Amino acid sequence: PLDNGGSEITHYIIEKRDASKKKVDWEEVSSTVVDRRFVVYKLITDGQYQFRVRAVNRYGISDECLSEKVVIKDPYGLPGPPGKPKVIDHTRSSMLVTWTPPLDNGGAPITGYWLEKKEEGGVYWSRVNRAPVTKPSVKGLEFNVLRLIEGVKYQFRAMAINIAGIGPPSEPSDLVEAADPIFPPGAPSCPDVKDRTKSTISLTWKHKQKDGGSPIKGYIVEMQEEG
């Protein structure tokens, strides 16, 4: 206070009340405050409060000083949805999923991500990581999902986390089947002429070891006239 009453201020008394109601008694927060700063805990989010402070010296207690009415709000909002996840690699029992950060972080740093999966035709999403993904790899944000069922199609969605909580989920990824990757087969050996007539030629060749991860179903034979 501007006037200490001729004696040094020894401490302050802080009280609060529910300002959303007309007649509510004041509740003491602390009667031993020495500093001119004090943190009031256990307030209700979206609750409306008013505070008053009184100074104390050796001669008694001062008149009150009232604060404005204050609504308790979190200064940060939830983050927005991350980018649509993509499956960049897969096997019969695992999928490597990647995604991009949300465009809106809610005003606070993103502290991690949750990733969820759902089977084709399913209703419920289930979380796949036991702890939030907090550090991006060299390639970016990704998580290797294990223990998938071979032949089942899955899709994934990601959610960002900040100090305010967990944001809304991303758009689901495209469905991807849990299966070993399949590539075009390697080229067979050059054909050899086994037999010939005036109108036919019999050819033979050997198949290379690389079948691309899937059994060879057949061969395409082409010819070209000389010249």
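**Figure 1. Contacts of Ile-166.** Beyond its neighbours within four places in sequence, Ile-166 is in contact with Leu-78, Trp-114, Arg-127, Met-159, Ala-160 and Ile-161. This view, like those that follow, is taken from a predicted model. Ile-166 belongs to strand E13, which covers residues 165–166. Its relative accessible area is 39%, so Ile-166 is partly exposed; this class lies between buried, under 20%, and exposed, over 50%. Glu-177 is 11 residues away from Ile-166 in sequence, and the two C-alpha atoms are 28 Å apart in space.

**Figure 2. The largest nonpolar core.** This core has 16 residues. Met-95, Trp-99, Leu-115, Val-145 and Phe-156 are the ones with the most contacts inside the core. At least two core residues come from each of strand E8 (95–99), strand E9 (112–119), strand E11 (141–145) and strand E12 (153–162). E12 gives the largest share, four residues. In soluble globular proteins, nonpolar side chains tend to be buried together.

**Figure 3. Surroundings of Trp-99.** Trp-99 is listed among the core residues with the most contacts inside the core. When neighbours within four places in sequence are left aside, Trp-99 is in contact with Pro-82, Gly-83, Pro-85, Tyr-113, Leu-115, Val-133, Leu-141, Glu-142, Phe-143 and Ala-158. One of these, Leu-115, is also named among the core residues with the most contacts.

**Figure 4. The largest pocket.** The volume of this pocket is about 260 Å³. Its lining is made up of 15 residues, and Pro-1, Tyr-12, Val-53, Arg-54 and Cys-65 lie nearest the centre of the pocket. Strand E1 (11–18) and strand E3 (48–57) are the elements that each give two or more residues to the lining. The largest share, three residues, comes from E3. Sorted by class, the lining has eight nonpolar, six charged and one polar residue.

**Figure 5. Lys-42 in its loop.** Lys-42 sits in the loop between strand E2 (27–33) and E3. Is Lys-42 buried or exposed? Its relative accessibility is 81%, so Lys-42 counts as exposed, the cut-off for that class being over 50%. Lys-42 and Tyr-113 are 71 residues apart along the chain, with 28 Å between their C-alpha atoms.

**Figure 6. Domains of the protein chain.** The domain assignment gives domain 1 (9–72), domain 2 (86–178) and domain 3 (184–214). Taken over C-alpha atoms, the centres of domain 1 and domain 3 are separated by 91 Å.

Note on methods
Residues are numbered from 1 along each chain as its sequence is written. This is a predicted model: local features need pLDDT of at least 70, side-chain atom pairs count only at pLDDT 80 or more; totals for chains, interfaces and linings use all residues. Side-chain values use heavy atoms; hydrogens and water are left out. Domain bounds come from an automatic or database domain assignment. A nonpolar core is a set of buried Ala, Val, Leu, Ile, Met, Phe, Trp, Tyr and Cys residues joined through side-chain atoms within 4.5 Å. Buried means under 20% relative accessible area, exposed over 50%, partly exposed in between (1.4 Å probe, protein chains only). Contact means heavy atoms within 4.5 Å. On a 1 Å grid over the protein atoms alone, a cavity is a set of points where a 1.4 Å probe fits but cannot get out, and a pocket is an open set with protein on both sides within 12 Å along at least five of seven lines; lining residues have an atom within 4 Å of a point. Grid points are joined across faces, edges and corners, and a volume is the space filled by probe spheres set on the points. Ala, Val, Leu, Ile, Met, Phe, Trp, Tyr, Cys and Pro count as nonpolar, Asp, Glu, Lys and Arg as charged, and the others, Gly among them, as polar.
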